[in-house]
Each structure stands twice: as C-alpha cells, then as structure tokens.
Amino acid sequence: MELDESVIGLTGEKYTFDVEKRHVKQFAEAIGDQNPLYTDEAFAADSRYGQLIAPPTFAMTIGSEGGDFPIELDTRRMLHGEQEFIFYRQIVVGDRLHCQMKVSDLYEKEGKSGTMQFLILDTEMEDDTGDLVAISRTNIIYRPKA
Amino acid sequence: MAVMTELEYGNLREGQQLEPLTKPPITKVQLVKYAGASGDFNPLHTDDEFARKVGMDGVIAHGMLVMGFLGEYVRDLAGTNAEISGFKMRFGAMTRPGDTIICSATVKKLYSEAGKNYAELDLQAEKAHGKVVGWGSAVLYF
C-alpha cells in the first residue's frame, strides 16, 4: 500500500509522559554521557536550571511512547532517515508532558529503486500549563515495495 | 564538568572547528542498555542471530545512539552558557559494536536576533577510519 496525502494531519492518541529521574539516569548511562546536569542533584541545583535536566535525544524516547497510530506502515520498508528536535525550553526531570503525534507532511522523491516516500511525523510536547516544550520530528523514508 | 571547555559566544568565529569528542568503542552491552533505556527493542540491535537472518553480519547500533553521542557533544559545548534550540541529524552509514565514533563540529553561522546571540553548528559523526555515519546541525543561543 502506498501512502497518499490524506494521511497529512492525522493524529495519534494523546498521552502523558512523566520525565523520571531513574529513567533519565539510565538513558544517560547507556550513551555513556557523564554530564552531571543529568544525575548530580547538587550540581544541577546550582546550575541555571536549578534541577536535573534530560539529555537532548531523550526527547525521542518521549516521542516514541505514543499510543496507537492511525496509519498502517510496513516496518520492513521504513527507514529512519532524519531526526530533529526543536526545543522551546529545556526538558527537566519532573516534567509531566502531554504529547501527541501527528503526520505533518508527506512528499515524494525519485530514487534509484523507484519513487521514495518521505513521511514527517511530529510529536508535540506540552507542559501542564499548555506551553509547548519541544517537538520531536522524525523523517521516515518509506521505500517502494520490493 | 566534562572533557571540553564550554563555548563562549564572544570567542567564536564562523568557520571555526571545535575540539572533537571521541567516544569509547560501542559495545553489545551498550546496545542492550540503550534498548532498555530508549524503549527501542528492535532485535536488529541486540540479537545477532536475528540480524544475520535479515542479511547483516551481526547486530548494528541504534542510529539514535549515535545521535545520542552528538547530543552529549552539543550539550557539553553548550555547557552552562548556552541553550539548545534545535538539533538534527541525518543518518548515514551503519555503526557496529567495536566502532569508535568521533563527534566534531564547525561554527557555521553567528547571528543575533531579538536580543539573543545564536551559533549554528555543523556536526559530524564519523567512524575512526573516516567514514561519516551521520551529519547534523545544532542551534545554540547565549
């Protein structure tokens, strides 16, 4: 099945993500990132943030937690081509983020093996006050059927 | 804090190459840890037998782990002087356990907007032998 423009604007279910200390620590440790802003409470308390923060790519983990998504995709044809994060403020430990994924674009390009489709999925994250904190933007390359 | 000195806007110039960050070689244990921490349990990253069935020599690293290395680098550069407003990466060659990734950056553009100073950085993640595994960029404000 090829995708068509009717998918643009489709949204996934809204969900809530709590940014937890232990999760951020495990994530930073997996990367081998020893920045004390992620794990050292005394250091973080003295910083401009006043509290522990999350590493930049932790936003991907938040964005991929989403509920059911309204498009059926063949995972064998999917390639993660590009990833982007737009931050309106730093994500901090203790944030409760209200998230929703939406299909923000679909476009095509001619490739060696036929027409490649590019699907742009945005997960928007808002805090409890309704302010936008970050957007995780995933560009999926959807390869032609073999 | 970390291995490198955080940036100061006044010391930057366009075209400047910043001190790179060399990560320790990727291990299989690290891929298991990253799977657990990120929730990406695609067996391509943790199960050699599965990876061979789909035509690989063995497991490959999560692209997002390599982006995580770049994120570590950018956050270190920002230090406590700057904030990250944008960060992106385009994924190139595959990375395997044993590969050493070197993160590097060049100052692409410096500009001021609404009372803030911005630095746009071009980022690269390459394997020790010079093969680029990802291209990226980040925008910092001071």
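Tutor: Buried means under 20% relative accessible area. Keep that cut-off in mind for this predicted model.

Student: Is F17(A) buried or exposed?
Tutor: The relative accessible area of F17(A) is 5%. The cut-off for burial is under 20%. F17(A) is therefore buried.

Student: How many aromatic pairs are found over all chains?
Tutor: The search covers the whole structure. Its count of aromatic pairs over all chains is nine.

Student: Which kind of pair do the rings of F17(A) and F58(A) form?
Tutor: Their centres lie 6.0 Å apart. Their planes meet at 75°, and an angle over 60 degrees counts as edge-to-face. So the pair is edge-to-face.

Student: How many residues apart in sequence are the parts that this pair ties together?
Tutor: F17(A) sits in strand β1 (residues 15–18) of chain A. F58(A) belongs to helix α4 (residues 58–63) of chain A, and F58(A) is buried at 0% relative accessible area. The parts tied together are apart in sequence by 41 residues.

Student: Are the rings of F85(A) and F87(A) stacked or edge-to-face?
Tutor: The ring centres of F85(A) and F87(A) are 6.1 Å apart, with planes at 25°. Planes under 30 degrees apart count as stacked. F85(A) is buried at 0%, and F87(A) is buried at 9%. The pair F85(A) and F87(A) is therefore stacked.

Student: Which residue of chain B forms one aromatic cluster with F17(A), F27(A) and F58(A)?
Tutor: F17(A), F27(A) and F58(A) are the chain A members of the cluster.

Student: What is the distance between the end C-alpha atoms of helix α3 of chain B?
Tutor: Helix α3 (residues 63–78) of chain B has 16 residues. At 1.5 Å a residue, the helix should span 22 Å. The distance in the model agrees with that: 23 Å.

Student: How many of the 16 residues of α3(B) are buried?
Tutor: α3(B) is largely enclosed by the rest of the structure.

Student: Which residue takes a positive phi just after α3(B)?
Tutor: The phi is about 55°. The residue is G79(B).

Student: How many disulfides does the structure hold?
Tutor: C99(A) counts as buried at 2% relative accessibility. C103(B) is buried too, at 0%. Over all chains, the number of disulfides is zero.

Student: In what order do the elements of chain A run?
Tutor: Chain A has four helices and five strands. From the N terminus on, the order is β-α-α-α-α-β-β-β-β.

Notes
Residues are numbered from 1 along each chain as its sequence is written. Chains are lettered from A and ligands numbered from 1 in the order in which they are written. This is a predicted model: local features need pLDDT of at least 70, side-chain atom pairs count only at pLDDT 80 or more; totals for chains, interfaces and linings use all residues. Side-chain values use heavy atoms; hydrogens and water are left out. Helices (H or I, at least four residues) and strands (E, at least two) are DSSP runs, numbered from the N terminus. The expected span of a helix is 1.5 Å times one less than its number of residues. Buried means under 20% relative accessible area, exposed over 50%, partly exposed in between (1.4 Å probe, protein chains only). A disulfide is a pair of cysteine sulfur atoms within 2.5 Å. Rings of Phe, Tyr and Trp (its six-membered ring) pair if their centres lie within 6.5 Å; planes under 30 degrees apart count as stacked, over 60 as edge-to-face and the rest as tilted.
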